[in-house]
Amino acid sequence: MSTQTYRALVVSEESDGSFRRSIREKPLNDLPDGDIQVRVRYSSLNYKDALSATGNKGVTKHYPHTPGIDAAGVVEQSHSRYFKPGDKVVVNGFDLGADYPGGFAEYVSVPADWVMKLPEGMSLRDTMVMGVAGLTAALSVYRLTEYGIRPDGGPVLVTGATGGVGSIAVAILAKLGFQVTAATGKREQVSMLKDLGARDVIPRKKAHDTSGKPLLKRRWNAAVDTVGGETLSTVIRATSYGGAVTCCGMVGGTDLPLTVFPFILRGVSLFGIDLAFSAMGLRETIWDRLSHQWKPDLPELLVHECGLEGLEERIALMLSGAHIGRTVVRL
Ligand SMILES: NC(=O)c1ccc[n+]([C@@H]2O[C@H](COP(=O)([O-])OP(=O)(O)OC[C@H]3O[C@@H](n4cnc5c(N)ncnc54)[C@H](OP(=O)(O)O)[C@@H]3O)[C@@H](O)[C@H]2O)c1
């Protein structure tokens, strides 16, 4: 009797405490007993995947494990009345690829309430060019615009601007007519960021003040911060009266050294962004914007496509801070 198998990237913990990644052929019946089995066509690389793939137990508690917080593909089996074999679907976040076998595999088997039909006007690949990073960028912009931040209010800063979330945030904000300032650690990417729509590009260190001053000169009306730590602290302290800042990331640290003064003397608002467990209704709104009026004009130069074999190199780039744009994984 033949057992059907599928290929997956498997991260395993070695006896010396190190973590090893390998591509394995696994029996299909190894998958969890989800409501919906999806033949994955594309996944994407997000920072959280790079952490999971290298043994970060804050993201993934149990190994061996297959990362991949994004998956787009075709339903093969369904125990849900909302989906049928042949439906094109996407899964972004929830526990996928965190503590649940993820999208760096030819198949996933997931709870029905993690699954969305393919957004209208998008291909499976398009959804993974966006992926969790794009949804997070769009959710950040959504929070700012719903709060009342308008293009005529002054510059909007994006930190970690060449990253997945950052580059898509720059593109969306520029498309909406905002005056975007991009902060980056990559001097050689200034013209790419200007092509993407940034009006100004500043070196990363200009958005990194460690003086400890409770308030800084007002420089931005709003900001999408993807870095965290001292950078987020700087951004909040340099935001104008009544402005707003979104916080989604931690590549620059998890501490937030700050006083209450930006909030109580300048009325600055801070919005926390969590895409992973955001409600389905909100995702539908965000996908709708991303596939229509907010559709970012990302040059193909910013999109790198690879197979499972190419992930090793892309993960290393991401963890060193040298990754640019988005990596789409073809399965
Ligand atoms: N909360 C959520 O729902 C959610 C969802 C998605 C992502 N995130 C988080 O958002 C962050 C960005 O994710 P991503 O997928 O965009 O990652 P990414 O593609 O690796 O981009 C991160 C960017 O940050 C900058 N950077 C890297 N190391 C830095 C450092 N030490 N100090 C300052 N800047 C640094 C780099 O851009 P420059 O060289 O241009 O400065 C880098 O390209 C991650 O922390 C991720 O976990 C959160």
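Me: Two strands count as paired when DSSP finds at least two bridges between them. How many bridges join β14 to β15?

Reply: Some ground rules to start. This is a predicted model, in which local features need pLDDT of at least 70 and side-chain atom pairs count only at pLDDT 80 or more, while totals for chains, interfaces and linings use all residues. Residues are numbered from 1 along each chain as its sequence is written, and side-chain values use heavy atoms, with hydrogens and water left out. Helices (H or I, at least four residues) and strands (E, at least two) are DSSP runs, numbered from the N terminus. Now to your pair: β14 and β15 run parallel and are joined by 4 bridges. Look for Glu305, which stands opposite Val328 in β15.

Me: What kind of unit do β14, α8 and β15 make?

Reply: Handedness is read by pointing the strands away from the viewer: a crossover is right-handed if the path from the first strand over the helix to the second runs clockwise. Here β14, α8 and β15 form a right-handed β-α-β unit.

Me: Which residues are buried in helix α8?

Reply: An α-helix has 3.6 residues a turn, so residues three or four places apart point the same way. "Buried" means under 20% relative accessible area, "exposed" over 50%, and "partly exposed" in between (1.4 Å probe, protein chains only). In α8 (residues 311-319), the buried residues are Leu311, Arg314, Ile315 and Met318. Seen down the helix axis, they fall within an arc of 100 degrees, so they line one face of α8. That arc is taken from the directions from the helix axis to the C-beta atoms. The cover over them includes β1 (5-13), β2 (19-27), β3 (36-45), α1 (47-53), β14 (303-306) and β15 (326-330).

Me: How do I read backbone angles, and where is there a cis peptide bond?

Reply: Most residues other than glycine have a negative phi, and most peptide bonds are trans. In this model the peptide bond from Tyr63 to Pro64 is cis, with omega near 0 degrees. Pro64 sits in the loop between α1 and β4 (70-78). Phe94, in the loop between β5 (88-92) and β6 (107-110), has a positive phi near 55 degrees. Phe94 is also buried, at 11% relative accessible area.

Me: Is Val235 buried or exposed, and what does Val235 touch?

Reply: Contact means heavy atoms within 4.5 Å. Val235, in helix α5 (residues 229-237), is buried, with a relative accessible area of 1%. Not counting residues up to four places away in sequence, Val235 touches Leu157, Thr159, Trp220, Ala223, Asp225 and Val245. Then try Ala238, in the loop between α5 and β12 (239-247). Ala238 is buried at 0% relative accessibility, and its contacts beyond four places in sequence include Trp220 and Arg266.

Me: What area is buried between domain 1 and domain 2?

Reply: The size of an interface is often given as the accessible area lost when the parts come together. The convention here uses a 1.4 Å probe and sums the loss over both parts. An automatic or database domain assignment supplies the bounds: domain 1 is 5-118 + 300-330, and domain 2 is 133-272. The buried area is about 830 Å², with 67% from carbon and sulfur atoms. At this interface, 11 residues of domain 1 contact 13 residues of domain 2. The C-alpha centres of the two domains lie 29 Å apart.

Conventions: Buried area is the accessible area (1.4 Å probe) that two parts lose on being put together, summed over both.
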